[in-house]
Amino acid sequence: MKIDVTKHLTLGAKRTLKAFRIAMFEELSEKEFDKITVNDICQRSEYPRATFYNYFDDKIDLLQYLWSYIAKDVLEQLSKDTSDRNTLVNVFNLLLGFFHSNESLLNSIKQNNVVNSHLWHNMSGYLKHEVNKVVYQYCADSHSNQVPAKMLSRFFSDLLIGMLEWCLFDEPEIDTKTADNYLTALLNGKF
């Protein structure tokens, strides 16, 4: 992204980012990500292409911004919540809870973007990266590791995101308690 959204943004910048965000979500609910063009986004947001390129390099850059915007609250909770020793299940519950609380948006996007689409691979990659950072911190703080923290964090973040994808796409009606039981069994090697 060409601007730093972690710093103070002007009211105009916030308004512009919101317009592009809404436009992308509306486009995603109508067609596949790969068929969306920058022109589509600009037309829907009523901003010129030059303005789009002042903020983003391309539509994938906008997509990364969407994931960071959506996940902001969840990721803040993840980075703060290291008190519970069952952190991996908490991470999973926060992610699953987010998608359950935004079910209508998720369902409209899923109608046009199948599980193996570029959109979901991009989201999965973003979430794996962010969860990996949180899990790494947890693993690095635990001095009893017999396996390097980087390897543990990669393994556990892949497991958590794989479980999340399974819940969202293969078993969307699964309740959190059952999903937690499956995750706990996997974490304990009881399958």
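**Chat about a helical model**

Me: How much of the protein is buried?
Reply: In this predicted model, buried residues account for 42% of the 191 residues in the protein.

Me: And what secondary structure does the protein come to?
Reply: The protein has nine helices and zero strands, so that, in the terms used for DSSP runs, the elements read α-α-α-α-α-α-α-α-α from the N terminus on.

Me: What does the C-alpha trace span along its principal axes?
Reply: The C-alpha trace of the protein spans about 55 × 35 × 25 Å along those axes.

Me: Switching to packing, at what angle do α7 and α8 pack?
Reply: Helix α7, which covers residues 118-141, packs against helix α8, residues 149-170, at an angle of about 135 degrees, and their axes are 8 Å apart. Because of that angle, α7 counts as oblique to α8.

Me: Is that crossing left-handed or right-handed?
Reply: The crossing in which α7 passes α8 is right-handed.

Me: What sort of residues make up the contact of α7 with α8?
Reply: The residues of that contact comprise 14 nonpolar, four polar and five charged.

Me: New topic: how many cavities of 30 Å³ or more does the structure hold?
Reply: The structure holds one cavity of that kind, and about 170 Å³ of space lies in the largest cavity.

Me: Which residues lie nearest its centre?
Reply: Of the 16 residues that line the largest cavity, W67, I70, F98, F99 and M123 lie nearest its centre.

Me: Which helices supply the lining, and is it nonpolar or charged?
Reply: At least two lining residues come from each of α4 (59-80), α5 (87-101), α6 (103-112) and α7, and the lining divides into 15 nonpolar residues, one polar and no charged.

Methods. Residues are numbered from 1 along each chain as its sequence is written. This is a predicted model: local features need pLDDT of at least 70, side-chain atom pairs count only at pLDDT 80 or more; totals for chains, interfaces and linings use all residues. Side-chain values use heavy atoms; hydrogens and water are left out. Axes are lines fitted to C-alpha atoms, for helices over the stretch in contact, and angles run from 0 to 180 degrees between N-to-C directions. Helices (H or I, at least four residues) and strands (E, at least two) are DSSP runs, numbered from the N terminus. Angles under 35 degrees count as roughly parallel, over 145 as roughly antiparallel, 65 to 115 as roughly perpendicular and the rest as oblique. A crossing is left-handed if the near helix is turned anticlockwise from the far one by less than a right angle, and right-handed if clockwise. Ala, Val, Leu, Ile, Met, Phe, Trp, Tyr, Cys and Pro count as nonpolar, Asp, Glu, Lys and Arg as charged, and the others, Gly among them, as polar. On a 1 Å grid over the protein atoms alone, a cavity is a set of points where a 1.4 Å probe fits but cannot get out, and a pocket is an open set with protein on both sides within 12 Å along at least five of seven lines; lining residues have an atom within 4 Å of a point. Grid points are joined across faces, edges and corners, and a volume is the space filled by probe spheres set on the points. Buried means under 20% relative accessible area, exposed over 50%, partly exposed in between (1.4 Å probe, protein chains only).
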